Amino acid sequence: MPLGETCHDLITAAGDALLARAQAAGTVRAGITITQLLKLVGAIALATEQEIDGPAEADLLLSIAIDGVRVH
């Protein structure tokens, strides 16, 4: 690992590459940044870390974030 490269930098770089591929494939809308997605995931983790069924609650919240609250 190059000097000065942190775990955060590695995660951000890897996530940014994956996000760019998803956006190029048309599966993620343009204008969303990896920083925004990491904040969303972090918020969901923080909100569910004390829940009895935290993993299931995190899955539900992520699903709501991805699919929205509208009826399809």
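From the N terminus on, the order of the elements is α-α-α. The structure is a predicted model.

The overall dimensions of the chain were computed next. The C-alpha trace of the protein chain spans about 45 × 30 × 15 Å along its principal axes. The radius of gyration of the chain is 15 Å, whereas a compact globule of 72 residues would have a value near 11 Å. Of the 72 residues in the chain, 12% are buried. The accessible surface comes to about 5,800 Å², and carbon and sulfur atoms account for 64% of that surface.

Helix H1 covers residues 7-24. With its 18 residues, H1 reaches 26 Å from its first C-alpha to its last, which is close to the 26 Å expected at 1.5 Å a residue. Four positions of H1 are buried, namely Thr12, Gly15, Leu19 and Ala22. These buried residues line one face of the helix, because they fall within an arc of 90° when seen down the axis of H1. Arg21 and Ala24 are exposed on the other side of H1. The cover over the buried residues of H1 includes H2. After H1 comes glycine 26, which has a positive phi, near 80°.

A polar atom of the threonine 12 side chain lies 2.8 Å from the backbone oxygen of histidine 8. Apart from neighbours within four places in sequence, threonine 12 is in contact with Ile34 and Leu38. Alanine 14 is also placed in helix H1. Its relative accessible area is 42%, so alanine 14 is partly exposed. Between alanine 14 and valine 41 there are 27 residues of separation in sequence and 15 Å in space, C-alpha to C-alpha.

Helix H2 is made up of residues 34-48. Its 15 residues reach 21 Å from the first C-alpha to the last, close to the 21 Å expected at 1.5 Å a residue. Ile34, Ile44 and Thr48 are buried in H2. These three residues are on the same side of H2, because they cover an arc of only 90° around the axis. On the other side of H2, Lys39 and Leu46 are exposed. Helix H1 and helix H3 (54-67) are included in what covers the buried residues of H2.

Threonine 48 was considered as one of the buried residues of H2. Its relative accessibility is 5%, and for this reason threonine 48 counts as buried. When residues up to four places away in sequence are not counted, threonine 48 touches Gly54, Glu57, Ala58 and Leu61.

How values were computed
Residues numbered from 1 in each chain as written. Predicted model: local features only at pLDDT ≥ 70, side-chain atom pairs only at ≥ 80, totals over all residues. Heavy atoms only, no water. Helix = DSSP H or I, 4+ residues; strand = E, 2+ residues; numbered from the N terminus. Expected span 1.5 Å × (residues − 1). Buried < 20%, exposed > 50% of the residue type's maximum accessible area, 1.4 Å probe, protein only. Arc of directions from axis to C-beta. Contact = heavy atoms within 4.5 Å. Rg over C-alpha atoms; globule rule 2.2 N^0.38 Å. Areas by Shrake-Rupley, 256 points an atom, 1.4 Å probe, with all protein chains shown as cover. Polar contact = N/O pair within 3.5 Å; in protein donor to acceptor, adjacent residues only side chain to side chain.
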